[in-house]
Amino acid sequence: MSDSFAVLQLDELPARRCSCGTTRRGFIAESDGQASVHLLQVQDAVTHHHRIATEYGPACP
């Protein structure tokens, strides 16, 4: 087991355009592309799917 860890502030990362709005993506390099955390700001939500990824989000109130 490794003692390494990474800490970042998602809202300080550069924003990138995505299909639903803008996203800020963290921990991709630290995990060799195996995992990431996204801060998504939805502007224009569209139905879509991921072939090789699973997307989780908070439950709607």
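Phe 5 is located in the segment that precedes β1 (16-18), where strands are DSSP runs of E of at least two residues, numbered from the N terminus. The model is predicted: local features need pLDDT of at least 70, side-chain atom pairs count only at pLDDT 80 or more, and totals for chains, interfaces and linings use all residues. Residues are numbered from 1 along each chain as its sequence is written, and side-chain values use heavy atoms, with hydrogens and water left out.

**Phe 5**
- Phe 5 counts as exposed because its relative accessibility is 73%; exposed means over 50%, buried under 20% and partly exposed in between (1.4 Å probe, protein chains only).
- A distance of 8.7 Å separates the C-alpha atoms of Phe 5 and Glu 30, which are 25 residues apart along the chain.

**Strands and sheet**
- The chain contains three strands and zero helices, a helix being a DSSP run of H or I of at least four residues.
- The three strands form an open antiparallel sheet in the order β1-β2-β3; two strands pair if DSSP finds at least two bridges between them.
- β1 and β3 (37-42) are the edge strands, each pairing on one side only.
- β1 and β2 (residues 21-26) run antiparallel and are joined by three bridges.
- Arg 17 stands opposite Thr 22 in β2.

**Whole chain**
- Of the 61 residues in the chain, 13% are buried.
- Among contacts (heavy atoms within 4.5 Å) with a separation of 6 or more, 22% come from residues 24 or more positions apart.
- The accessible surface of the chain is about 5600 Å², and carbon and sulfur atoms hold 54% of this surface; such areas come from the Shrake-Rupley method with a 1.4 Å probe.
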